[in-house]
Amino acid sequence: LVLESGALVLSDGGVCCIDEFDKMSDSTRSVLHEVMEQQTVSIAKAGIITTLNARTSILASANPIGSKYNPNLPVPQNIDLPPTLLSRFDLVYLVLDRIDETADRKLARHLVGMYLEDTPDHATRDEVLPVEFLTSYISYARANIHPTITAAAGEALVKAYVAMRKLGEDIRAAERRITATTRQLESMIRLAEAHAKMRLSETVTEADVAEAVRLIQSALKQAATDARTGLIDMGLLTEGTSASERRRKEDLKNGVLEVLDDMLRAGGSTARYGDVVRTLSEQSSVPVEGAEFAEAVRALEQEGKVQMLGEGARRSIRRVTGGM
């Protein structure tokens, strides 16, 4: 038997670029979880049990479902990727195709310029670095430069992390938003070290930390902003739902229970499904979608607070007493 290395193992010590990231099978995604967490690939096939190194950086691109991005949905739901995998990336950027004459003109000139003689508009020929030199520069930095974090840079990292966490404090909110996790802190450390490597510096300075923080914040502003509130919420990436959405679902469940209790006080042990939907919609200040109502009832049924009876138009809801 011959064990052949895949793309991730062959990329050990380098960068693995993956296109159509959203088209992967579930088995491939499970492998990526281990690679992005442990930097290894475990194999147990045909009597071969081993662990291979996959110390690689992953640069991936994915398309939204139906090739159209819905700004009202979080990123995981748009590209059909589990939040557990998406949250492992240091930076997540959205590249949206918006109609803008200035941006369209720049893009068109860039694409056309690829077929013409390379003559930069804002630099002389002597200022343009050859690809060979740039490749050698990056290879040298990766192999020989291993910067250490100074005390000042460490203090700057702590302050930046605490400041990002404080963004979630809101005395008006019943539930605090998570605006940063320890993964963002680890990402800031890696990005600061990478920025120092790019300068061929042996130490990580406060300027490197400032650039890392800027990159993290710009990515979160795009990928982790709640469309309802306009505020950053890491729950969109880590869980696929925001604090405001969780609060809305909880309010909807409480509303269903209140309407059901009011209807059952007049007598009877069950209430018709359609009547509960109509009554709740009349009492609610915001529209109640049928799918949202059905999801709330399913959640209450799983919690043991209600019970669904019948099918189709004959469906009814029974209140389960003593539900926790």
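Which residues form a nonpolar patch on the surface? In this predicted model, in which local features need pLDDT of at least 70, side-chain atom pairs count only at pLDDT 80 or more, and totals for chains, interfaces and linings use all residues, the patch is formed by Leu107, Leu111, Met114 and Tyr115, which together have about 500 Å² of accessible area. Residues are numbered from 1 along each chain as its sequence is written, and side-chain values use heavy atoms, with hydrogens and water left out. Patches are made of residues with over 30% relative accessible area and no salt bridge, like charges being joined within 9 Å and nonpolar side chains (Val, Leu, Ile, Met, Phe, Trp, Tyr) within 5 Å; accessible areas come from the Shrake-Rupley method with a 1.4 Å probe, and for residues only the protein chains shown count as cover.

The chain contains 13 helices and 9 strands, where helices (H or I, at least four residues) and strands (E, at least two) are DSSP runs numbered from the N terminus. The radius of gyration is 26 Å, well over the 20 Å that the globule rule gives for 324 residues, so the chain is more spread out than a compact globule; this radius is taken over C-alpha atoms, and the rule is 2.2 Å times the number of residues to the power 0.38. Along the principal axes, the C-alpha atoms fill a box of roughly 85 × 55 × 50 Å. Of the 324 residues, 30% count as buried, and the accessible surface of the chain comes to about 20,900 Å², of which 54% belongs to carbon and sulfur atoms. Among contacts (heavy atoms within 4.5 Å) between residues at least 6 apart in sequence, 58% join residues at least 24 apart.

In a regular strand the side chains alternate between the two faces of the sheet. Strand β1 pairs with strand β4 (residues 57-60) in the parallel sense over 4 bridges, pairing being assigned if DSSP finds at least two bridges between two strands, and Ile58 in β4 is the bridge partner of Cys16.

Salt bridges, defined by a side-chain nitrogen of Lys or Arg within 4 Å of a carboxyl oxygen of Asp or Glu, number 17. One of them joins Asp12 and Arg55, with the closest N and O atoms 2.7 Å apart. This pair links distant parts of the chain, with Asp12 in the loop between α1 (7-10) and β1 and Arg55 in the loop between β3 (48-53) and β4, 43 residues apart. Asp12 is partly exposed at 29% relative accessibility, as is Arg55 at 47%.

Within helix α5, Arg105 and Glu101 lie 4 residues apart, about one turn of the helix, and form a salt bridge whose closest N and O atoms are 2.9 Å apart. Arg105 is partly exposed, with a relative accessible area of 42%, whereas Glu101, at 59%, is exposed. A further salt bridge joins the side chains of Glu295 and Lys249 (3.3 Å, N to O), linking distant parts of the chain, namely helix α13 (residues 290-302) with Glu295 and helix α11 (residues 243-265) with Lys249, 46 residues apart. Finally, Glu250, Lys253, Glu303 and Lys305 are linked in a network of salt bridges.

Technical notes. Buried means under 20% relative accessible area, exposed over 50%, partly exposed in between (1.4 Å probe, protein chains only).
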